[in-house]
Amino acid sequence: MDSLISVRDMCKIYNPGENEVRALDHVDLEIKKGEFVAIIGHSGSGKSTLMNMLGCLDVPTSGAYYLSGRDVSALKDNQLSEIRNQEIGFIFQGFNLIANLTALENVELPLIYRGIGRGQRHKLAKEALIQVGLQKRMEHKPSEMSGGQQQRVAIARAIAAQPPVILADEPTGNLDSASTQEIMEILKGLHEAGHSVILITHDNEIAEQAKRVVRILDGKIVEDYVNT
Amino acid sequence: MGNIIEYVKMAFKNIKANKGRSFLTMLGIIIGISSVIMVMAVGDGTANAMNSEVEDLGTGQISVYCSDDAINAEAWITPEDVAAIKESITGVEGATPQDGTSGTTITGKGEFSVTLSGGTEDLQKSLNFNMKRGSYFTSVDVEEGNRVCVISNSDAKRLFGSDDVVGMDIEVDINGISGSYRIVGVTEQKENTSFVSYTYEGMPVSIEVPYTSFNYFGWESDSFYSVMVFSNDEASGEDVAQDIIHTLETRHQCAGEEYYQIQSFQDMLAELNSMLAIVTTFISCVAAISLVVGGIGVMNIMLVSVTERTREIGIRKSLGAKTSSILMQFLAEAAILTVLGGIIGIFLGLLGAMGACSLMSASMGSVIHPGIKASTILGATLFSCGIGVFFGIYPARKAAKLSPIEALRRN
């Protein structure tokens, strides 16, 4: 299969100088199209930094990052915005929906920034919401929905524009066990439908549900195995 | 950026979501715009009312007078000059020399000072008073130097206690020589208006007489300092004035000497108007300061809003919003707030101007309509929009430059 993500010798150093923090220490990582990978680590292990790099929210101090074959490790702010918009669907721990927008409007947001016209936007957003089982909640605001439902809206937002990478950062961290399982089933379903899913978590049980697990500790990848 | 409509929609949504705060933000702009609109409308309305009242008084009047040079050269205006002006210049309906003197008179009501305005029968065109009794003196009276006079009804009442005075004599003492003037006509004194006073307490009794009647008091009235010319409506005052100067200069062979100067009523009116405009502009400037304060208010609230919505900005950026998208969204929000405030302010300002004008009309006894100009309204709208964009730039840039990671980390 084609390479989707290729990280080579990536370092991220905060506060360079005497008190420098080496959040990522010479990381190499390959992820192919269609994979379902869990990146697992404790807090402070560097997994959030890795997720920021993979999500093009930040640029590494050194090393290269090829996303769909393009080096994105040295792009400018606006170019990163474009990459995020086109290549990545984010799912966050805190859902990160905009409170005064309805579910449908939230899902439409990345499509607006992509410049998709109103009609097409509505269609894509509705399809995504139906896909996560929220056809009856489209006009609800986040405050009128449960945590699980909010996270499903966030998933719909991530998949609406059909980005190559779905990047989920502790997507179940704020959810009860029932909702957690619901969300995991949706992510598995997305993987089965051919999406590439990267799941960042500190929870071994969650990680075990992915096809491949990458463990990170002190900024280094210490384990990388395929679940059987 | 083809997505401006989307950003405007987003901005509207956010304004609607925070109605109370949005209104308070607009308040400064509302007060600023409404006070500017009100001052300008009342100012223009006053100017219009003043112009229409003053125009009643004497449009088409052109006063020509000798400059200091002409006085030194003794190039006075003669009765022949006046006749030439009247006959040869198109658009001139009448012309009269202006001569005058003062004296005293004693009647049964006491002693009065008297102002005698001398001229030809054309003098009756100067103030468009109606004749109440009798008639104006005639060209025959002017030719013969008859001592006849026209007096206003209010002056007649002061002198004799009645305005039924046609045929009565006024004994006038001028420089120790006394002579009697027969009253041939009584004019109707106009009521004072807000801007024009026709009479005041202690004003001398005023009579209009043929200038030739002054011969009786021992001086030859045949050279004048000034001449009053009446043009008809069709003629341009400017052209007539030039023709008068030309005629006078030809007759006195003094072209280019600037002996004769013109003061038309339009000039005086223009002067009055420009004074009023200065006052209006000054007050508007003071009101405009409140607009700037209002703009700073908008900036403050937008800054608070940026801080409060840091997380939202982070979300938008993570979803692919560019710096310019966020900038546009916040700028649109500031512009909409100020434009809405501006529109509300225009309405309130117009209402206020109507209220102020009706109050003024009631207290001054003349009708003042607020002067509402499209340019004022357009200017106010553009200005408030400009304030929104200007004061919105700083908060919007602050929002747009946030790093998505930083923004997402904050709650």
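**Before starting**

This is a predicted model, in which local features need pLDDT of at least 70, side-chain atom pairs count only at pLDDT 80 or more, and totals for chains, interfaces and linings use all residues. Residues are numbered from 1 along each chain as its sequence is written, while chains are lettered from A and ligands numbered from 1 in the order in which they are written.

**Stop 1: the two chains**

Colour the model by chain and display secondary structure. Helices (H or I, at least four residues) and strands (E, at least two) are DSSP runs, numbered from the N terminus. Chain A has 7 helices and 10 strands, and chain B has 12 helices and 10 strands.

A residue is termed buried if 20 or more other C-beta atoms lie within 10 Å of its own, exposed if 12 or fewer, and partly exposed in between, with C-beta atoms placed from the backbone. Chain A has 228 residues, of which 48% are buried; chain B has 411 residues, of which 40% are buried.

Two residues are in contact if their C-beta atoms, placed from the backbone, lie within 7 Å. Consider contacts between residues at least 6 apart in sequence: in chain A, 69% of them join residues at least 24 apart. The corresponding value for chain B is 80%.

**Stop 2: the open sheet of chain A**

Select the strands of chain A and locate the open sheet of 6 strands, whose order is 6-7-8-3-9-10 and whose pairing is mixed. Two strands pair if DSSP finds at least two bridges between them. Strands of a sheet pair through backbone hydrogen bonds, either parallel or antiparallel. At the edges of this sheet are strand 6 (88–91) and strand 10 (220–226) of chain A, each pairing on one side only. From one strand to the next, the twist averages 20 degrees; axes are lines fitted to C-alpha atoms, for helices over the stretch in contact, and angles run from 0 to 180 degrees between N-to-C directions.

Next, select strand 9 (residues 212–217) of chain A, which pairs with strand 10 of chain A in the antiparallel sense over 6 bridges. In this pair, A:Arg212 stands opposite A:Val226 of strand 10.

**Stop 3: two residues with positive phi**

Most residues other than glycine have a negative phi. Select A:Asp218, in the loop between strand 9 and strand 10 of chain A; its phi is positive, near 50 degrees. A:Asp218 is partly exposed, with 14 C-beta neighbours inside 10 Å.

Then select A:His26, which belongs to strand 2 (residues 21–32) of chain A. The phi of A:His26 is also positive, near 50 degrees. A:His26 is partly exposed, having 14 other C-beta atoms within 10 Å.

**Stop 4**

Move to A:Asn204 in helix 7 (residues 204–207) of chain A. A:Asn204 is exposed, with 11 other C-beta atoms within 10 Å.

**Stop 5: where the chains touch**

Show both chains again. The contact takes 19 residues from chain A and 20 residues from chain B. On the side of chain A, helix 2 (77–87) and helix 3 (103–114) are the elements that give two or more residues. Helix 2 of chain A gives the most, with 6 residues. The residues on this side of chain A divide into 7 nonpolar, 7 polar and 5 charged; Ala, Val, Leu, Ile, Met, Phe, Trp, Tyr, Cys and Pro count as nonpolar, Asp, Glu, Lys and Arg as charged, and the others, Gly among them, as polar.

**Stop 6**

Select helix 1 (residues 4–17) and helix 10 (residues 323–364) of chain B, whose axes come within 8 Å and cross at roughly 55 degrees. Helix 1 of chain B is therefore oblique to helix 10 of chain B. Angles under 35 degrees count as roughly parallel, over 145 as roughly antiparallel, 65 to 115 as roughly perpendicular and the rest as oblique. The residues in contact include B:Tyr7 and B:Phe12 of helix 1 and B:Met328 and B:Ile336 of helix 10 of chain B. They divide into 11 nonpolar, 3 polar and 1 charged.
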